[in-house]
Each structure stands twice: as C-alpha cells, then as structure tokens.
Amino acid sequence: MSPICTHHSRVQPWECDENEHMNAQFYAARFQQATAEFAAATGLVRPLNSKQRLTLRFHAEAHTEQHLVVESALIEVSPHGYAIGHRLLDAASERLLATSIDQSPWQRQQRHLPSRPFEPRFDAPGIDPNPINAPNTEPDALADGGFASGRIAIAPTNMGTDGHYPHQIYVALFGQGAAISWDVIGLTQDVLQSHRWGGMVVNLSMTILQPLQPGILVKQVSRIVTLRSRVMTIRHDQFNVETGEPIARSVSTGMLVNLDTRRIISLPALSPELALST
C-alpha cells in the first residue's frame, strides 16, 4: 500500500526539552494523530478497549520551528490484527527523523481487508517489550531491582474526542522514568549540565495492557536491564495504584550525547555497583 500524508505541523519551542530537541512524547502525539487521520481516510475502526503495541525509533533530531510531515501506510496484516507504519520527515529536506509501527487487533467488520506486503522502508525494528519475565505487580517489579519513577492522576479532560487517552501520557511518564534512571547510575542533571551531555532515547517499544480510565492514579516502576559502554536499556512498568493491575510496559534504549557536537559518547563508569560491560 502506498503511503499517504497524514500530518503536518511545526515544532513549538515548548515541545523541546533540556537536550534542545523535541521531546519523545511529542513524537508519540504526532504519530497518534497520524494514525487517527489514516483510520479516517481508510475506514479502519480504532479499538478503544484492546491491547496495542507501539514501536518508535528515533533516527535524527527535530528542533524548534522545524516543519514536520508524516507519511503512513498499512504495512502488515495478519489473522489477528494489522500494523500501521509511519515515517516522520523534515518537510524541506525529506530527511527521515523517526519511524513508528502501531499494531492493533482487528475489529470484526474489518477482517475482510486483503493482505498487503510489508514496506521495507517502514521497517523500524524496536525492542521486544517483554525481554524479561513481566512482573505482574508493583511489589514484584520492586523486588526485581526496580525503583519508583513516577505517578500521575488521569484527568477526564485529557481524554481525546475519540475516547482514547493519548499515547503521549504513557510516553511522558516513561520519559520521566528514563530521566530518573540516569540519576541512578550517577548521571544526575548537575553532572549532565556541567559536561554539556544529554541522555537521549533512540528506541522505545511499549505495550498498552489496559486503557486508561478517568480518575485513576498510575504509578510507575523502572529498572535498568542492561548497561554497556554506550547503551542503557530500561524497563518501565505502569500500575493502577488502587487495583495493582498492570496498565502498560515499555523498554527503551538510551544513549549519552555530547550536546555541542550532537554525537553519541561512551557512558562513564560512575557507579561500582553498576559496572559497565562491553
């Protein structure tokens, strides 16, 4: 299936973080808007109460006032569901900035759609969101080496007109967990600022296990899965505080960047307890 244009926007200054580029949550927001536009253009019905899996890969940075476009296509069909692929591009140069794959189960009335070949240029292999046995409760996650990394109350006003809570909410909390993970290995904000370094996410794969509901309180537990010379992999689990049920999980890959040269650098071995391996 040939891609169609599903989104146009400019990067606003308030969408950029301390690393001087657009924060990951606003990539997720644009991809979700593109999915909604694609569904409207093709007749796909978006599921409101089913599991979704999203894989994001960041290829280049987006900066303030940059004009962005998204191209989308139905890239994979199976008996169980479908996947929409998105490419986020710089409008002027057509440089690839990020890719996303949004996997959803079929609605019954959609199963007649024909299979379409996967488009290699949309291939954005992420990280399996279940590389380790998934903890089912917050105590399990904490006992497995996790640490509390955020809370958020889900406000009714945050719900979209389509009945979905935006993926941006999940990703913003995942991002908070990533920032705290840098603190855990000794790369505090003071250390990062003094060296003009920045911790950046290059891959993020997430699974939504239960849809967010108005008024619930969500708590997140994060843990560092692997720590190598240039890469940190972090697992995040989000739970309903009242019921203890898991809501979403994510695995992300973080790297350290020199903010002056915009190049990836090696992680310093700051903590003897977290010895780096190559």
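**Group meeting: a walk through a predicted model**

Let's start with one residue. Asp237 is buried, because its relative accessible area is 5% and the cut-off for buried is under 20%. Keep in mind that this is a predicted model.

Where does Asp237 sit? It is in strand β9, which covers residues 232-240. Which side chain does Asp237 touch through a polar contact? The partner is the side chain of Arg235, at 3.2 Å.

Next, Thr137. This residue lies in the loop between β5 and α2, and α2 covers 138-143. Buried or partly exposed? Thr137 has 29% relative accessibility, so it counts as partly exposed. Its side chain makes a polar contact of 3.1 Å with the side chain of Asp140. Now look further along the chain. Leaving aside neighbours within four places in sequence, Thr137 is in contact with Phe239 and Gly244. Thr137 and Thr243 are 106 residues apart in sequence, yet 9.8 Å apart in space, C-alpha to C-alpha.

On to helix α3, residues 167-184. Among the buried ones in α3 are His167, Ile169, Tyr170, Val171, Leu173 and Phe174. Further on, Gly177, Ala178, Ser181 and Trp182 are buried too. Just after α3 comes Gly186, with a positive phi of about 95 degrees.

How many residues are in the largest nonpolar core? There are 34. Those with the most contacts inside it are Met22, Tyr27, Leu88, Tyr170, Met206 and Leu212. Several elements each supply at least two residues of this core, including β2 (52-58), β3 (67-77), α3 and β10 (246-258). Which element gives the most? That is α1, with six residues.

Zoom in on Leu88. Leaving aside neighbours within four places in sequence, Leu88 is in contact with Met22, Tyr27, Phe31, Leu68 and Val69, among others. The list also includes Val70, Arg95, Leu96, Leu97 and Ala98.

There is a second, separate core, of 12 residues. Ala178, Leu192, Trp197 and Met232 are among them.

Terms used: Residues are numbered from 1 along each chain as its sequence is written. This is a predicted model: local features need pLDDT of at least 70, side-chain atom pairs count only at pLDDT 80 or more; totals for chains, interfaces and linings use all residues. Side-chain values use heavy atoms; hydrogens and water are left out. Helices (H or I, at least four residues) and strands (E, at least two) are DSSP runs, numbered from the N terminus. The expected span of a helix is 1.5 Å times one less than its number of residues. Buried means under 20% relative accessible area, exposed over 50%, partly exposed in between (1.4 Å probe, protein chains only). A polar contact is a pair of N or O atoms within 3.5 Å; within protein, one must be able to donate a hydrogen and the other to accept it, and residues adjacent in sequence count only if both atoms are side-chain atoms. A nonpolar core is a set of buried Ala, Val, Leu, Ile, Met, Phe, Trp, Tyr and Cys residues joined through side-chain atoms within 4.5 Å. Contact means heavy atoms within 4.5 Å.
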